[in-house]
Amino acid sequence: MKGGRTIDLGGVKSSSSAVDLTDQIHQLPCCIKFNGPSPVSHYFKPKSTGVEVDALNVKEAHFRGRKLQGTTVTLPHGYSGFVIGKKTPAKRKASDTNGGMTDSWQANAKFQNITLWNHDNLPSKEDAFLRAFHWFDVAKALHKPVTADDMESASNPGATSTD
């Protein structure tokens with residue numbers, strides 16, 4: 001595909017008046033085939049159970065008659081979540097388009113935590129979504145700059161430095 005793809009986070013990242021959906025983002029174990037407004041908070045009312053599993057505070061809610069058990073997790077330090085939507089294309093001259101289509105997206109809101117829900121079991125640190133958070137540490141280690149001391153210790157693994 002010719003053209004480019006962009007995601008504009010500027011309006012949400014830099015603006016203190018941006019929509020903040022912290023404590024309002026839920027990952028449900030189902031597919032909802034509807035895209036539009038709905039009075040969700042009128043029907044979906046999570047409550048704390050007072051139970052703690054793997055240092056996770058368990059919540060309980062019901063969705064369409066099914067019991068859900070979940071927990072709210074904070075995104076790691078330095079990370080934010082964004083709700084993005086397709087940007088409405090502005091009218092441009094034909095000469096501006098590079099002869100191809102462009103996909104432009106924009107951030108409509110941000111969040112700092114997410115509530116994860118399970119159908120038939122309590123939330124735990126072994127849930128796939130939470131295990132994926134370990135990849136943040138892997139990415140950090142992979143992208144950490146290598147110092148001269150790191151190179152020296154890697155080339156002489158048994159050597160100790162004397163000061």
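I began with a pair of residues: Thr74 stands opposite Asn113 in β8. I am working with a predicted model, where local features need pLDDT of at least 70, side-chain atom pairs count only at pLDDT 80 or more, and totals for chains, interfaces and linings use all residues. Residues are numbered from 1 along each chain as its sequence is written, and side-chain values use heavy atoms, with hydrogens and water left out.

Next I looked up the strands (DSSP runs of E, at least two residues; helices are H or I, at least four; both numbered from the N terminus). Strand β5 (residues 66-74) runs antiparallel to β8 (residues 113-118), with 6 bridges joining them. I found 5 strands in an open sheet of mixed pairing, ordered β2-β8-β5-β4-β3. Its edge strands, β2 (26-27) and β3 (47-53), each pair on one side only. Pairing here takes at least two DSSP bridges between two strands.

Then I checked Asp127, in the loop between β8 and α3 (128-132). Asp127 is buried without a salt bridge, and Arg131, the nearest side chain of opposite charge, is 7.1 Å away. Buried means under 20% relative accessible area, exposed over 50%, partly exposed in between (1.4 Å probe, protein chains only). A salt bridge needs a side-chain nitrogen of Lys or Arg within 4 Å of a carboxyl oxygen of Asp or Glu; for charge, Lys and Arg count as positive, Asp and Glu as negative, with His and the chain ends not counted.

Last, I turned to Asp137 in helix α4 (residues 134-143). Asp137 counts as exposed because its relative accessibility is 54%.
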